[in-house]
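Hello,

Here is the structure I promised to pass on. Please open it first, then read my notes below.

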Amino acid sequence: MPRHLIFVCPIVVALCSAIAPSSKAQLSAPGDALPKGILWKPSPPKDSQLDSAVLNALYRYMVEEQHHDLKGIVIVRDGALVSEHYFNGDSATTLHDIRSATKSLTSLLMGIAIDKKIIHSVDDPIALYLPGLPKDGKEKIEIKDLLNMRSGLDADDEDPTSPGNEARLDESSDWIRTVYAIPMKRAPGEKYLYCSVNAFLTGAIVENATKAPLDDFARANLFAPLNIQNSRWRHVPVKRTTGQGNLEITARDAAALGQLMLNDGVVNGRRLISREWVASSLASQVAISDSDPYADFYGYMWYTRAEPVADHKVRVHFASGNGGNKIYIVPSLHMVVAITSSAYSTRWGQRRSQDILLKILSATKPELLDDH
């Protein structure tokens, strides 16, 4: 699933909206089922220095907007739930396919495997972990080239004629064999080109090194410590997990994962991911603004953009999936915003989520905004 579409819809000018945290949503999940790392008892927007009128207007507009495929918005500030609202049949317990935002989670699993010394380094050639990989240039690809989307493979999710287009994987009866057959187009590390094959290979390396399915490794080392109790992750032939997408979690779970990144890999005093991996993941490693209208830089499968808010530029890191599925991290405001959406393969999904983020940032008191 391509994470961005070339066409965008006009910016929503009049985002108008709803209520503070939905009481129905608050009662829908018992306390022992809530993900860790966030204080889930709602903190009133005024206490979080957010304009509740702006949030209410935002929700009301989203209830009434024409597409009816937005699913959830969760806002966390200073580690506490500020507001959440669900739309079009979803609730706080609904599992939702976050599509390519999954790639950012696969990157975290690679980081955990490296932290545990199961995998040595991002500088390792991928051939060390992929038996039978053809020696046609692929042996020169390093793990970091996959994480930066600079593998050099002839793979482009936005070009249906590309040999490595994700649709070809979906048609395959053996995903590894299909990926091995993709030719090299350029030297590894030379050019950023978004393709799901890179994230699939990243997940396959973790699976091979840990000798466990990717979803099992995630449950043991990421989901269980965060108390993410329910999830679904697509399996494909032959005995592989789709590291590039199709993870289903709740909007609250997505927010908890964002909060983990905001806390430098620590949840409730327990370190799950090294500080170094979090920093590298969110670092502005590769400039991509010439090919991506929604991002300035790419790290280890996480994006960065300086968003214009009033007279400021606010740095935002994020995971992004087809249809507008987002996990936004705003370090200067100690804020996380998770958005779930089913506007898959539409012109408006990505733009709408960006508009929602900008409206939430505009609800912040101006004196809190930091220039970057």
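Eight strands form an open sheet, in the order β2-β1-β15-β14-β13-β12-β11-β10, with antiparallel pairing. The edges belong to β2 (80-86) and β10 (286-287). Each has a single partner strand, so one side of each lacks a neighbour in the sheet. Strands are DSSP runs of E with at least two residues, and helices are runs of H or I with at least four, numbered from the N terminus. Two strands pair if DSSP finds at least two bridges between them. Strand β1 (residues 70-77) runs antiparallel to β15 (residues 335-341), and seven bridges join them. In this pair, Val74 stands opposite Ala338.

A note on the source: this is a predicted model, where local features need pLDDT of at least 70, side-chain atom pairs count only at pLDDT 80 or more, and totals for chains, interfaces and linings use all residues. Residues are numbered from 1 along each chain as its sequence is written, and side-chain values use heavy atoms, leaving out hydrogens and water.

Now two aspartates. Asp145 sits in helix α4 (residues 143-147). Its relative accessibility is 7%, so Asp145 counts as buried (under 20%; exposed is over 50%, partly exposed in between; 1.4 Å probe, protein chains only). Beyond four places in sequence, Asp145 touches Lys140, Arg150, Ser151, Pro188 and Gly189 (heavy atoms within 4.5 Å).

Asp156 lies in the loop between α4 and α5 (166-170). Asp156 is buried too, at 18% relative accessibility. Tyr194 is 38 residues away from Asp156 in sequence, but 6.1 Å away in space, C-alpha to C-alpha. Tyr194 is also among the residues that Asp156 touches.

Best wishes
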